[in-house]
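Have a look at it first, and then read on for a guided walk.

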Amino acid sequence: MKLKQSYQRLPEQLYHRCAPSPVSAPHFLAINELLGEQLGLNHEWMLSREGLDFFSGNAKSTDYASVATVYAGFQFGQYNPQLGDGRALLLGETEDSDGQIQEIQLKGAGPTPYSRGGDGRSALGPVIREYLVSEAMHALGVPTTRALMALRTGDTVIRDRLQPGGILVRVAPSHLRFGSFQFAAARQDEEALNALMALAFARHYPQVAAELQTPQHLLKLVTERTAQLVAKWMSIGFIHGVMNTDNMSIGGLTLDYGPCAFQDTFAWQQVFSSIDTGGRYRYAQQPNIALWNLARLAEALLPIWPGSDDHKVAEAEAILSTFEPTFETHRNSLFAAKLGLREDHSVYQSTIEPFLNFLEEQSLDFTLSFALIEALSKDDRDRLHLVRSALPQHARLERYWNEAAFDQGRWQGDISNPLIIPRNHQIEAAIKSAEQDSDAETSRLFRLYTARPSLQDLSAEDLRGPEPGEWLGRTFCGT
């Protein structure tokens with residue numbers, strides 16, 4: 001298979017040509033057949049030995065025009081001038097059924113010039129986590145990179161222990177990051193900055209007229225999309241876990257599912273990431289970090305921003321000042337819809353925030369609590385029975401909701417909440433099962449997270465949060 005490779009038309013300092021390294025015994029763990037169809041990939045070829053060899057890195061080196069891309073980044077607030085794809089390779093791009101260019105990337109494909117002494121591989125666990133969570137996010141309507149395949153390599157990797165290796169085949173319109181621009185800006189490389197900006201508009205904002213493809217307009221669009229994205233994260237209890245600038249998408253996509261997790265028992269200051277020892281990227285802090293990261297992107301765009309220094313800074317600050325109201329508008333709208341309330345400027349402070357505080361005080365499950373309110377509001381007996389079975393403390397929540405006596409003038413009744421989210425304990429069970437050479441649990445969770453089964457096909461076991469012995473308070477990057 002030959003993919004187009006637009007990245008090689010960018011300045012050479014932005015990438016390094018690199019072929020994937022072969023693995024000993026590749027085979028498929030999971031394939032997202034619907035996505036493959038949308039990408040126009042021949043189904044029989046994908047499942048063939050030739051397809052397996054191509055996506056595992058075992059095809060002839062001449063079959064690849066792959067590149068490792070370079071970027072910088074603020075990691076936990078500290079600037080690193082050169083990072084890059086240390087275990088990822090951009091194979092090239094194809095056009096999907098909507099006419100959108102989609103890049104295909106391998107994660108865990110072997111060492112690159114940016115591996116910094118690492119093996120360039122991935123353990124199977126992080127591959128399964130990203131495959132399941134990214135596709136669940138897509139099903140939940142959250143902008144995200146996609147997952148086409150999860151592969152076993154037949155090799156082992158050394159992390160905290162010997163683990164089976166894996167490769168994720170990832171798909172996105174581009175994998176450009178805030179850090180891509182930071183790398184070029186640190187070198188005052190205007191040629192590279194302009195090339196990256198042109199690619200960002202082409203892949204993520206193609207509707208923008210040529211005369212408006214400026215640094216100012218790019219920052220405006222990225223600010224808006226990032227505000228909307230983080231509002232969606234907050235509305236489903238998602239914690240990214242490592243919001244470094246090199247993990248922030250220029251297209252407003254959820255990018256790099258490392259130590260991510262969803263809230264079970266709700267807590268404002270919840271942290272799952274094992275490397276976030278200071279809680280920098282905790283749940284409640286995500287909007288502030290997103291704005292901080294956008295400010296770093298603005299700085300990176302200044303070398304190609306027209307005007308005097310004072311003019312540039314004033315324009316950038318004016319654009320960044322739109323983040324907070326944009327985020328708050330979308331957050332309020334999303335949470336109001338989750339509770340069936342009419343949206344107004346005060347609904348978050350008057351009703352939603354107190355409700356979330358109650359969930360934390362009572363140690364209640366985030367997702368199931370909203371699902372219970374929906375079932376009560378709609379008097380949906382089947383849903384109510386299912387959620388009550390999965391939420392042992394439901395009586396406390398029902399009492400709160402009945403006593404809240406909401407102003408009926410604010411009641412809208414149009415309410416919708418997911419019953420199913422990726423749960424750490426479920427994903428961990430799938431990983432352990434896969435490490436014992438069984439793929440059944442990964443396949444089951446993929447269907448559960450993405451197909452949105454009917455109530456009749458769900459059980460309380462599918463919905464419930466973790467039992468005390470199952471709760472996982474730490475998630476890991478896998479590098």
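This is a predicted model: local features need pLDDT of at least 70, side-chain atom pairs count only at pLDDT 80 or more; totals for chains, interfaces and linings use all residues.

The notes below go through some strands, the nonpolar core, one arginine and the aromatic rings.

## Ground rules

Residues are numbered from 1 along each chain as its sequence is written, and side-chain values use heavy atoms, leaving out hydrogens and water.

## A strand with two partners

Let's start with strand β7, residues 101-107. Helices (H or I, at least four residues) and strands (E, at least two) are DSSP runs, numbered from the N terminus. Six of the seven residues in β7 are buried, so the strand is largely enclosed by the rest of the structure. Buried here means under 20% relative accessible area, with exposed being over 50% and partly exposed in between (1.4 Å probe, protein chains only).

Which strands pair with β7? One is β6 (residues 88-95), which runs antiparallel to β7 over seven bridges. The other is β10 (residues 162-172), also antiparallel, over five bridges. Two strands pair if DSSP finds at least two bridges between them. L106 in β7 stands opposite L89, and L106 also stands opposite V169 in β10. Five residues sit between the strands in the hairpin of β6 and β7, and G99 there takes a positive phi near 80°.

In soluble globular proteins, nonpolar side chains tend to be buried together. In this model, the largest nonpolar core has 146 residues, and Y7, F55, L148, F181 and L356 touch the most other members. Its largest share, ten residues, comes from helix α7 (residues 215-235). Such a core is a set of buried Ala, Val, Leu, Ile, Met, Phe, Trp, Tyr and Cys residues joined through side-chain atoms within 4.5 Å.

What does L356 touch? Not counting residues up to four places away in sequence, L356 touches F266, W268, F335, Y348, F366 and F370. Contact means heavy atoms within 4.5 Å.

## A buried arginine

R146 is found in strand β9, residues 146-158. Is R146 buried or exposed? With 14% relative accessibility, R146 counts as buried. Its side chain makes a polar contact of 2.8 Å with that of E135. (That means a pair of N or O atoms within 3.5 Å; within protein, one must be able to donate a hydrogen and the other to accept it, and residues adjacent in sequence count only if both atoms are side-chain atoms.) Beyond four places in sequence, the contacts of R146 include N32, L35, Q38, H138 and V169.

## Rings and charges

Rings of Phe, Tyr and Trp (its six-membered ring) pair if their centres lie within 6.5 Å; planes under 30 degrees apart count as stacked, over 60 as edge-to-face and the rest as tilted. By this rule the count comes to 25 aromatic pairs. In one of them, W45 and F54 have ring centres 6.0 Å apart and planes at 55°, so the pair is tilted. F335 and F370 also form a tilted pair, 6.0 Å centre to centre with 55° between the planes. F335 lies in helix α10 (residues 323-339) and F370 in helix α12 (residues 366-378), so this pair ties together parts 35 residues apart in sequence.

F335 is buried at 1% relative accessibility, and F370 is buried at 0%. One aromatic cluster has members including F335, F370, Y348 and W401.
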